[in-house]
Amino acid sequence: MVDSHNHFCIYCGAKLVENQHFCMQCGKKVYNDVPVYGPSKYQDDINKIEEKYFYKQSKAKELLDKLFDPSHMSYQKFELAIEKSNDLFDNQLSVARKMMELDDGTNPVIERELKNKLVTLNSFIDKMEDLINELVIQISSNKYDDEDINGLFKEMDDLIDSVKDY
């Protein structure tokens with residue numbers, strides 16, 4: 001597959017704009033045809049993270065459906081948190097896959113950024129696990145501790161905001 005435009009400089013990782021011929025960051029020539037390399041060494045890691053995240057997300061949704069009536073305000077808050085997390089996770093996953101297309105195993109910038117994406121994607125799994133644990137606690141105790149729930153929502157919002165800022 002050949003993309004008609006690089007989105008990031010393959011030398012320094014700077015963001016490029018369409019029809020740019022030289023990188024504004026490092027000055028190297030920008031090639032409009034992106035060579036296709038073999039599978040990235042991160043391919044399996046990314047696939048496993050994706051599978052694990054969507055498994056956790058489905059479990060969180062299943063618990064949410066068991067715990068709250070859809071008309072309950074907490075149900076709506078949890079559902080919105082899951083949807084926001086899914087949207088941002090999908091976005092970060094897409095960026096990681098684009099970066100893997102450029103990964104020939106020799107560029108340290110791409111290597112570093114792919115490792116950062118793995119950390120970011122794994123943090124979504126951790127927060128989804130926290131959400132599952134909170135829902136399990138809610139089911140087992142049959143209580144509605146707004147402080148715990150609100151703390152979890154704040155942590156998820158902080159994660160989402162930090163990824164957006166990144």
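A: The accessible surface of the chain is about 9800 Å² (Shrake-Rupley method, 1.4 Å probe). Carbon and sulfur atoms hold 52% of that surface. The model is predicted, so local features need pLDDT of at least 70 and side-chain atom pairs pLDDT 80 or more, while totals for chains, interfaces and linings use all residues. Numbering runs from 1 along each chain as its sequence is written, and side-chain values use heavy atoms, without hydrogens or water.

The chain has four helices and zero strands (DSSP runs: H or I of at least four residues for helices, E of at least two for strands). Its pattern along the sequence is α-α-α-α. Of its 166 residues, 38% are buried (under 20% relative accessible area, 1.4 Å probe, protein chains only). Among contacts (heavy atoms within 4.5 Å) with a separation of 6 or more, 67% join residues 24 or more positions apart.

Now to helix H1. H1 covers residues 43-67. Helix H2 covers residues 73-102 and packs against H1 at about 170 degrees, with the axes 11 Å apart (lines fitted to C-alpha atoms over the stretch in contact, angles from 0 to 180 degrees between N-to-C directions). H1 is therefore roughly antiparallel to H2 (over 145 degrees). On the H1 side, the contact includes Ile46, Tyr53, Phe54 and Leu64. On the H2 side, it includes Phe78, Phe89, Leu93 and Met100. By class, the contact has 13 nonpolar, five polar and six charged residues (charged: Asp, Glu, Lys, Arg; nonpolar: Ala, Val, Leu, Ile, Met, Phe, Trp, Tyr, Cys, Pro; polar: the others, Gly among them).

Next, the core. The largest nonpolar core has 35 residues (buried Ala, Val, Leu, Ile, Met, Phe, Trp, Tyr and Cys joined through side-chain atoms within 4.5 Å). Ile46, Phe78, Leu131 and Leu135 touch the most other members. H1, H2, helix H3 (108-141) and helix H4 (146-165) each give two or more residues to this core. H2 gives the most, with 11 residues. Another core, of five residues, lies apart from it and includes Cys9, Leu16, Cys23 and Val30.

Leaving out residues up to four places away in sequence, Ile46 touches Leu93, Ala96, Arg97, Met100, Leu118 and Leu121. Lys56 also sits in H1. Lys56 has a relative accessible area of 17%, so Lys56 counts as buried. With the sequence neighbors up to four places away left out, Lys56 touches Ile125, Met128, Glu129 and Ile132.

Conventions. Buried means under 20% relative accessible area, exposed over 50%, partly exposed in between (1.4 Å probe, protein chains only). Angles under 35 degrees count as roughly parallel, over 145 as roughly antiparallel, 65 to 115 as roughly perpendicular and the rest as oblique.
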